[in-house]
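Subject: Structure to look through

Hello,

Here is the structure I promised to pass on. Please open it and follow along with the notes below.

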Amino acid sequence: MRKPDRTSKKPLYQQISDEMERSIIYGEYPPGSFLPSERKLAERLEVNRSTVVQAYEELRARGIVESISGSGTMVSNHIWGIRPNLTPNWRQYVEGGTFAPNLPYIRRVREVLRERESIIDFASGELSADLFPNEAIKQLMRDIPFEAYLGYDDPSGYLPLRETLVGFLEERLRIRATEASILITSGSQQSLYLIMQCLLAPGDAVAIEDPSYYYSLSMFQSAGLRIFRLPVKEDGIEPEDIMNLYRQHRIRMIFLNPNYQNPTGTILHASKREALLKIAAELGIPIVEDDPFSLTSFDHCPPDTLKSIDTHGSVLYVGSLSKVAASGLRIGWLVAPQAVVQRLADARQQMDFGLSIVPQWLANKFLGSDLFDQHIHFLRDSLSLKQHVMIRSLQQELPDQISFTPARGGLNLWCTIQDKLDDQKLLEEAIKRGVVFMPGTVFGSEPGHLRLCFARPSMDEIASGISKLAQAFHALTQKC
Ligand SMILES: Cc1ncc(COP(=O)(O)O)c(C=O)c1O
């Protein structure tokens, strides 16, 4: 939204309400959606909060918005009725697509993070900005002339990057691949999406970990898949459960995150890996190994990936730079049989003609240089230290209320709450005090868990965030 013109004769509040009405009519804020908070909009437009309050009052008087107590200012649901012939019925479109919306908790957390910059973020499963390889990327951009071809490229990905990955995966994870068996994707998320869209059909049954990564849960639903759960224990899922699911539901694919599982941080036991691969091979079912965290291993020695010990060719391996370098580069990869890579690359071409060449070029230079080694050592040590600070703070602040097993890699600490507390109430109490986390139920788990990401906040924020979280706990337990 444009800042109001202070030289205009029209009062500032009216300029804001007119501009906001235009945004609403153009569908930027559909009926039922919330306008930015008064404080946030005032900051953005560099006006007093009272000016925005007046502008919103004007919109209320025009019947365009309503105040919802405790939640903010919402675009009126009746607005479609007011302007039936001027605008398409966006609400019907918005609600009619095949893509499932994100879960309400996720939307709530995202909204709070958007609105309140100072909030301490234990919710986003991401690295903090100081853990990104900023200096390395700057150096590469400065010292090495950009030499890539700028036209539409091979939809499987930039060939030099695929060639570099062949050596990188072999050296670091003992995964053998050829450049023809690698597909470069926009993060792991796109690999998962393409696999679901190209290799599965609505109604197919799939097995996933319970709890598991929440963004894939909505994607499975959007793809119309029938989802069956494999409970995650301290040493991962039980391979036998797959056999049972197969007998009952003829599952067609298994999705697993065996190393430092999101959200539990667990590692699938080595003996279970062998058993799992054996069962998958016997049943002829592919396993999708989603592995964004192996390279974060705090002891610098991740467990063998399933792909590296898969002698039957059952595993589709999905990797990414998001958790080991920078999520904004949007670089991920899939290692799969050539026929699968070709099928997915063909779909990829229909979707977006392939990933932008610039991050692929950068990723290639980064992974092929010593800079990656320096970075990954620094990252592992920093993550391990951050987890240590979080654990120490939890032990000081909530010694009897929360229990956990320290993770040996990844970004998250999975916590169990001793007294059963209402997830939503705890989240709201925490938000009030300036800290946000992901309730365990977001990942499909039973109530009574939280996922605390230690990678995103700074060291200082970790200690003060845990103290705020403790206050939220106490406020709630005193109320009970
Ligand atoms: C287990 C898991 N898989 C996949 C992803 C997607 O990551 P990206 O698409 O950024 O590589 C995430 C992100 O949090 C994740 O935790």
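Start in helix α13 (residues 338–352). D352 and R348 sit four residues apart there, so about one helical turn separates them. Their side chains meet in a salt bridge, at 3.1 Å from N to O. Keep in mind that this is a predicted model.

Are these two partners buried or exposed? R348 has 0% relative accessibility, so R348 counts as buried. D352 is partly exposed, with a relative accessible area of 33%.

**Other salt bridges**

The structure holds 28 salt bridges. One of them joins R174 and D304, whose closest N and O atoms are 2.4 Å apart. This pair links distant parts of the chain, 130 residues apart. R174 lies in the loop between α8 (159–173) and β4 (182–185). D304 lies in the loop between β8 (287–290) and β9 (315–320). R174 is partly exposed, at 43% relative accessible area. D304 is partly exposed too, at 33%.

K233 and E238 form another salt bridge, with 3.4 Å between the closest N and O atoms. K233 has a relative accessible area of 42%, so K233 is partly exposed. E238 has 24% and is also partly exposed.

Salt bridges can also join up. A network of them links K10, D18, E21, E58 and R62.

**The largest pocket**

Now turn to the largest pocket. Its volume is about 1,500 Å³. How many residues line the largest pocket? The lining has 41 residues. S33, F34, R107, E111 and R114 lie nearest the centre of the pocket.

Which helix gives the most to this lining? That is α6, with 10 residues. Several elements supply at least two lining residues each, among them α2 (38–45), β2 (72–75) and α16 (423–432). By type, the lining divides into 17 charged, 14 nonpolar and 10 polar residues.

**A nonpolar patch**

V358 belongs to helix α14 (residues 357–367). Its relative accessibility is 39%, so V358 counts as partly exposed.

When you go through the model, begin with the D352 and R348 salt bridge. Then find R174 and D304, the pair that links distant parts of the chain.

Best wishes

Conventions. Residues numbered from 1 in each chain as written. Predicted model: local features only at pLDDT ≥ 70, side-chain atom pairs only at ≥ 80, totals over all residues. Heavy atoms only, no water. Buried < 20%, exposed > 50% of the residue type's maximum accessible area, 1.4 Å probe, protein only. 1 Å grid on protein atoms, 1.4 Å probe; cavity = no way out; pocket = protein on both sides within 12 Å on 5 of 7 lines; lining within 4 Å. Points joined across faces, edges and corners; volume = space filled by probe spheres on them. Nonpolar A, V, L, I, M, F, W, Y, C, P; charged D, E, K, R; others polar. Salt bridge = Lys/Arg side-chain N within 4 Å of Asp/Glu carboxyl O.
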